[in-house]
Amino acid sequence: MKVLVINAGSSSLKYQLINMEDESVLAKGNAERIGINNSCLKHTATGIDSIELQAELRDHKDAIKLVIESLVHPEYGVIRDMSEIKAVGHRVVHGGEAFSQSVLIDNQVMQAIQKNIELAPLHNPANIMGIEACRSIMPDTPMTAVFDTAFHQTMPKKAFLYAVPYQAYEKHGVRRYGFHGTSHKYVALRAAQLLNKPIESLKIITCHLGNGSSITAVLNGKSVDTSMGFTPLEGLPMGTRSGNIDPAIISYMMEKEHLTSGEVNETLNKRSGVLGLSGISSDFRDLAKASEDGVERARIALDVFTYQVEKFIGSYAVAMGGVDCIVFTAGIGENTPAIRKASCSNLKFLGFKIDDEKNESIPTAKKEGIITTDDSSGVVMVIPTNEELMIARDTMEIIGLTNP
Ligand code: ADP
């Protein structure tokens, strides 16, 4: 059984074809610069060298056509014809309150995703374009929508409501939604599997630290709180996003710098975070290097970041009345031992003791492992996220194929 996973952005379209019999990736790639000049498709069939195809991709439909052509190509393809693709799973950023789990796409679902455009004006329109393109080219193939927000729909009101006039929630949907849900769900499930315990018995804190970062409290398998909010701007400081700030700073900055609301939004999303603090880069590799070279603001940016990671872990441990396991994932979480160590430096009183050697030497093949000492009562793990596989698994479940 082969499932195609699609993650459509405004000018890009990432895909993976997964063989669900052994959950292996048969091929993956990215169509880039859709609707712009010099568009191309980067395609990698497992075991074959990557190729780059130059083609005019006017829209997402052109992109999907080329993806399918590549998947069935006699030289670099991996299937004989399109009918081998039994289902398509689409990543959709915002499901709002309408979707607490993944769903089979029909016209009603499309309308609900459309309605959520006002909550995710940058993401949902692109996701819709990807779905519509696929539906027109593969009209008989069942498709599912897997939402970044769905996993967090189990949060209680006390965690998702902001203390602003209640009408803001009722009239405009102003509340915490949370994002990266597919990633948090995947690593929480994998952590329970590695601990050999039912997820229903565990208190897990999942730290998705990448360009965008968020932390989630997973109690008995359910998200009960998460650091991102109404938008992905809230929570931790990120590559270029501010994370939590005093909301009064916004009107103050607008007055002082004569900024419009759009400009201040742009500053908080694109020129803040560790980039804004350091003045050097949003990339943690650059910051680590600069900090080693003695650049004070790079060190401070990293300190601000890890301090906030630790504060969220502490607050979620309290919210759940304890924590059995902390998971690090995504670009920074998976690859940066120094950040993991600094983020856990004050957690000994909660029973977490990092083993420096294990932290530095996660087995490279799987990049997965426990980094706490044998006598540590709490477990810290590194687990590479795999949102595509989670989407494919949900898709299998929904379309009722037996999950091997
Ligand atoms: P995105 O949110 O765009 O998916 P990623 O999860 O890829 O982001 O994370 C990007 C961050 O991970 C960057 O700040 C980068 O510095 C950091 N990182 C650290 N080490 C590596 C590595 N070996 N490979 C990729 N990214 C790394």
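Reader: What reaches the backbone nitrogen of Lys-61 at the start of H1?

Author: A side-chain oxygen of Asp-59 does, coming to within 3.2 Å of that nitrogen. Keep in mind that this is a predicted model.

Reader: Noted. How many residues does helix H1 have, and how far does it reach?

Author: H1 runs over residues 60–71, which makes 12 residues. From its first C-alpha to its last it reaches 16 Å, close to the 16 Å expected at 1.5 Å a residue.

Reader: And is H1 mostly covered or mostly open?

Author: Mostly covered, with nine of the 12 residues buried. Among the buried ones are His-60, Asp-62, Ile-64, Leu-66 and Val-67.

Reader: Switching to H6. What span should that helix have?

Author: H6 covers residues 181–195, and at 1.5 Å a residue its 15 residues should span 21 Å. Its end C-alpha atoms are 21 Å apart, so the two values agree.

Reader: How many of its residues are buried?

Author: In H6, 11 of the 15 are buried. They include Thr-182, His-184, Tyr-186, Arg-190 and Leu-195.

Reader: What covers those buried residues of H6?

Author: The cover includes strands E8 (143–147), E9 (203–209), E10 (213–219), E12 (325–329) and E14 (379–382). Helix H15 (387–398) is also part of it.

Reader: What follows H6?

Author: Asn-196, whose phi is positive, near 60°.

Reader: OK, ligand time. Which residues surround it?

Author: The shell includes Gly-210, Asn-211 and Gly-212, then Ser-282, Asp-283, Phe-284 and Arg-285. Ala-330, Gly-331, Ile-332, Asn-335 and Thr-336 surround the ligand too.

Reader: Which helix gives the most to that shell?

Author: H12, with four residues. Helix H10 (284–292) and H12 (330–335) each supply at least two.

Reader: How does the shell divide into nonpolar, polar and charged?

Author: Three residues are nonpolar, seven are polar and two are charged.

Reader: Which backbone atoms lie by the ligand's oxygen atoms, say from Gly-331?

Author: A polar backbone atom of Gly-331 is 2.8 Å from a ligand oxygen. Arg-285 has a backbone N or O atom 3.3 Å from an oxygen atom of the ligand. For Ile-332, a backbone N or O atom likewise lies 3.3 Å from a ligand oxygen.

Reader: Last one: how much of the ligand's accessible area does the protein cover?

Author: On its own the ligand has 570 Å² of accessible area, and the protein covers 64% of that.

Technical notes
Residues numbered from 1 in each chain as written. Predicted model: local features only at pLDDT ≥ 70, side-chain atom pairs only at ≥ 80, totals over all residues. Heavy atoms only, no water. Near = heavy atom within 4 Å. Polar contact = N/O pair within 3.5 Å; in protein donor to acceptor, adjacent residues only side chain to side chain. Areas by Shrake-Rupley, 256 points an atom, 1.4 Å probe, with all protein chains shown as cover. Nonpolar A, V, L, I, M, F, W, Y, C, P; charged D, E, K, R; others polar. Expected span 1.5 Å × (residues − 1). Buried < 20%, exposed > 50% of the residue type's maximum accessible area, 1.4 Å probe, protein only. Contact = heavy atoms within 4.5 Å.
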